[in-house]
Amino acid sequence: MTSGAESGPGTGRCRVCGGAVAEFLDLGRQPLSDAFLHGADADREFFFRLAVGRCSGCTMVQLMEEVPRERMFHFGYPYYSSGSEVMRKHFAATAQYFLETELARPDAFAVEIGCNDGVLLRTVSDAGVRHLGFEPSGGVAEVARGKGIEVRADFFEERTAAETRREHGPANVIFAANTICHIPYLDSVFRGVDALLADDGVFVFEDPYLGDIVRKTSFDQIYDEHFYFFTADSLRRAGGRFGFDLVDVRRLPVHGGEVRYTFARTGARPPAAAVGELIAAERAQALADPATLRGFADRVGEVRDDLVGLLTGLRRQGKRVAAYGATAKSATVTNFCGIGPELISRVYDSTPAKQGLLTPGAHIPVEPAEGFSAGYPDYAVLFAWNHADEIMAREQEFRRAGGRWILYVPDVRVV
Ligand code: SAM
Ligand code: TMP
Ligand code: ZN
């Protein structure tokens, strides 16, 4: 099954400003990155064309084709945020920071967009602070509720945000992690924030940073769910259209390199020096210039050739090659590079909702992470490279036993 949206409304038009979007990278026919499947469903997969472009009007980098949101975010959505210890600590610290700043007032109210299994709101809830998580994926939303967290199993947008304002009053903080870049209807999100945020409140979100993606050639950050690839410059313009100033930015090491952006109502807070500094650095690097993005696209082709060359050579030598982490990102790698079970026999992953299924498009079997140490392969491709420290520390025995990791970010190498 293939999406029919190629010539649909919005193609080639910026979802933020309506300007012309020029494509700079085509990653081909791709499945939904989190649609793990049973073998019997292999002929019923949904595919779309994964291509990315840049708006000539506002510089926003975005997908050329939009996947309907209900196809991605539904009851069976298999990504559980609490699966990483590093991320659990990251979000506990983030929540604690808000509790000590924006939420340190009587009757404070915090809203999270995309609260998933409650990895962040748990700390807010445990502190007895009023909160609401928006989470359209029913399965993970239920897990959050089981932790005592208030969840609305719905998409955040203008309408649902305005309803929340009427029911609960203004929010002092609206937070989102790895979610705003998933939402093509950014206009509706900003209007929703406008409806819900207190006059002196902040809208804070963190997402993969285009600067890190280009620097590391981490093209696997491009998949159905990641619609936007933000810069401080493109977001400052976007926020300005809806009455918000970008008042702070902070680089984060998580998920391969992110930026946390803080918005406040126009004129409500003075921007920190970091905002101007990051935008100046982006301009000095020509980060979102067409030539830079074309150079990135060229390097993506080189990484593919190197990775396929390495894996083909190892197969010829009769080596056993598996992978670690059935990430959404790896759907782009395997499907763009044409890597299937003949080159990578299985993927080990700790997520029960993925185990026993096949990876989207490439159809590599997913097995429980415990199986890794039960019979080490000769080589393991680290699909979850963004969790490298955590995984390599836990699986130290693999290298001691003679195993080697294969990495492909920022380039292909064996360690
Ligand atoms: N915040 C968590 C984290 O950083 O690990 C979850 C990130 S997960 C990659 C993205 C989440 O956003 C999914 O749980 C998805 O269901 C949710 N989501 C997608 N569109 C949304 C929307 N319009 N409003 C609220 N949540 C949304
Ligand atoms: P992510 O890169 O989107 O966060 O996905 C990470 C995937 O890797 C997810 O399916 C869980 C899995 N994983 C493990 O199997 N073991 C681990 O130690 C970690 C951190 C993640
Ligand atoms: Zn634009």
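The model is predicted, with local features reported at pLDDT of at least 70, side-chain atom pairs counted only at pLDDT 80 or more, and totals for chains, interfaces and linings taken over all residues. Residues are numbered from 1 along each chain as its sequence is written, chains are lettered from A and ligands numbered from 1 in the order in which they are written, and side-chain values use heavy atoms, with hydrogens and water left out.

The zinc ion (ligand 3) is held by the SG atoms of Cys14, Cys17, Cys55 and Cys58, at 2.3 Å. Donors here are N, O and S atoms within 2.8 Å of the metal (3.2 Å for Na, K and Ca), and since water is not among the atoms, sites may look incomplete. The angles among the four donor atoms of the zinc ion run from 96 to 116°, and the site is tetrahedral. For orientation, the ideal angle for four tetrahedral donors is 109.5 degrees. Along the chain, the donors of the zinc ion follow the spacing C-x2-C-x37-C-x2-C. Distant parts of the chain are linked in this way: Cys14 sits in the segment before strand S1 (21-31), while Cys55 belongs to strand S2 (residues 47-55), 41 residues apart. Helices (H or I, at least four residues) and strands (E, at least two) are DSSP runs, numbered from the N terminus. Cys14 is buried, with a relative accessible area of 6%, and Cys55 is buried as well, at 0%. Buried means under 20% relative accessible area, exposed over 50%, and partly exposed in between, with a 1.4 Å probe and protein chains only.

Turning to the ligands, ligand 1 has 21 residues around it, of which Ser81, Glu135, Ser137, Phe156 and Asn178 come nearest. A residue counts as near if one of its heavy atoms lies within 4 Å of the molecule or strand in question. The shell around ligand 1 is made up of twelve nonpolar, seven polar and two charged residues. In this grouping, Ala, Val, Leu, Ile, Met, Phe, Trp, Tyr, Cys and Pro are nonpolar, Asp, Glu, Lys and Arg are charged, and the others, Gly among them, are polar.

Ligand 2 is surrounded by 18 residues, the closest being Lys329, Asp349, Lys354, His387 and Arg394. Five of the shell residues are nonpolar, eight polar and five charged. Helix H13 (residues 388-394) supplies the largest share of this shell, with three residues. An N or O atom in the side chain of Arg394 lies 2.5 Å from an oxygen atom of ligand 2. For His387 the corresponding distance is 2.8 Å, and a polar side-chain atom of Tyr79 is also placed 2.8 Å from an oxygen atom of the ligand. Taken alone, ligand 2 exposes 480 Å², and the protein buries 94% of that.

Arg265, in strand S11 (residues 258-265), counts as buried at 16% relative accessibility. Its side chain reaches the backbone oxygen of Leu197 at 2.7 Å. This is a polar contact, a pair of N or O atoms within 3.5 Å; within protein, one must be able to donate a hydrogen and the other to accept it, and residues adjacent in sequence count only if both atoms are side-chain atoms.

Most residues other than glycine have a negative phi, and most peptide bonds are trans. The peptide bond from Val409 to Pro410, however, is cis, with omega near 0°; Pro410 is in the loop between strand S16 (404-407) and strand S17 (413-414). Asp107 has a positive phi, near 60°, and is exposed, with a relative accessible area of 60%. Thr217 has a phi near 50° but counts as buried, at 4% relative accessibility.

Methods:
Four donors count as tetrahedral if all angles lie between 85 and 135 degrees; four count as square planar and six as octahedral if opposite donors are over 155 degrees apart and all others between 65 and 115; anything else is irregular. Accessible areas come from the Shrake-Rupley method with a 1.4 Å probe; for residues, only the protein chains shown count as cover.
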